[in-house]
Amino acid sequence: MSNEIIYGIHSVRAVLERDPVRLVEIFVLKGRHGNRLSKLLNELQVCAISIQEMDRKILSKKVSGGNHQGIVAKVKKAKRFCENDLVAILSKYKEPLLLVLDGVVDPHNLGACLRNADGAGVAAVIVPKDRAVLVTPTVSKVASGAAETVPVVQVTNLARTMRTLQEQGVWFVGTAAEAMRSIYQIKLTGSLAIVIGSEENGMRHLTRKTCDDLVKIPMTGSISSLNVSVTSGICLFEAVRQRLV
């Protein structure tokens, strides 16, 4: 299995806590460290993981100038999930909540969506393999550890996967500005998938057609739409609210 780079305190800590055998090598900024980083380094040393100190310029090159927070890690690649893993993932939940992202290409948006998904207890985030961003070091950093906790399932044919899950009782609710009802007017309990389209074009035609229902977020100002990650947060936590009532 090949290696990959992750960076940032939350991302490295998430791997250390969930799957420490993936950690191959740690690169840390030379000099004084803040309390959070010092604590993390002490825990890594206890696990006998190799740690190298580096100048800021060299460390920044490893992440192409990303905000590494003084720590970069070389790790074994995490398991990549596909359609065949969905049955096992969903079997752990009585009424799973899913997030489907149809063509999101901005790594910052995907990372923020993963963070929302973790907070909302989402069983899996489903993304198409093509024309969409997958999990990258930037995604992991923005996700603040959620890329290690929420399965990201890459599927070849999104509409086909949706139909398969519909046969298993999952109800698909897509977000669309032209929908007649708002997210606050429909039932979001039971086995449910929230579907959100790309930053520029929204859901593709076949994805939209496959959804069981369409909803909108009511907008009362001059802006007509919201960022993908904001939309995911509003929809997911409305589902959480309904499930807690």
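This is a predicted model: local features need pLDDT of at least 70, side-chain atom pairs count only at pLDDT 80 or more; totals for chains, interfaces and linings use all residues.
Local features need pLDDT of at least 70 and side-chain atom pairs pLDDT 80 or more, while totals for chains, interfaces and linings use all residues. Residues are numbered from 1 along each chain as its sequence is written, and side-chain values use heavy atoms, leaving out hydrogens and water.

**View 1. Helix H5 packs with helix H9.** H5 (residues 107-120) and H9 (residues 228-244) sit at an angle of about 10°, axes 9 Å apart. That makes the pair roughly parallel (angles under 35 degrees). Helices here are DSSP runs of H or I, at least four residues, and strands are E runs of at least two. The contact (heavy atoms within 4.5 Å) includes Ala112 and Cys113 of H5 and Leu236 and Phe237 of H9. Its residues split into eight nonpolar, six polar and no charged.

**View 2. Asp55 meets Lys30 in a salt bridge.** The N to O distance is 3.7 Å; the rule asks for a Lys or Arg side-chain nitrogen within 4 Å of an Asp or Glu carboxyl oxygen. The partners are 25 residues apart, each in a loop. Asp55 is partly exposed at 43% relative accessibility, and Lys30 is partly exposed at 48% (buried is under 20%, exposed over 50%, partly exposed in between, with a 1.4 Å probe and protein chains only).

**View 3. Arg204 reaches Asp102.** This salt bridge spans 2.8 Å, N to O, and links residues 102 apart in the chain. Arg204 is partly exposed at 41%, whereas Asp102 is buried at 1%.

**View 4. Arg241 pairs with Glu238 inside H9.** Glu238 is buried at 6%; Arg241 is partly exposed at 45%.

Methods: Axes are lines fitted to C-alpha atoms, for helices over the stretch in contact, and angles run from 0 to 180 degrees between N-to-C directions. Angles under 35 degrees count as roughly parallel, over 145 as roughly antiparallel, 65 to 115 as roughly perpendicular and the rest as oblique. Ala, Val, Leu, Ile, Met, Phe, Trp, Tyr, Cys and Pro count as nonpolar, Asp, Glu, Lys and Arg as charged, and the others, Gly among them, as polar.
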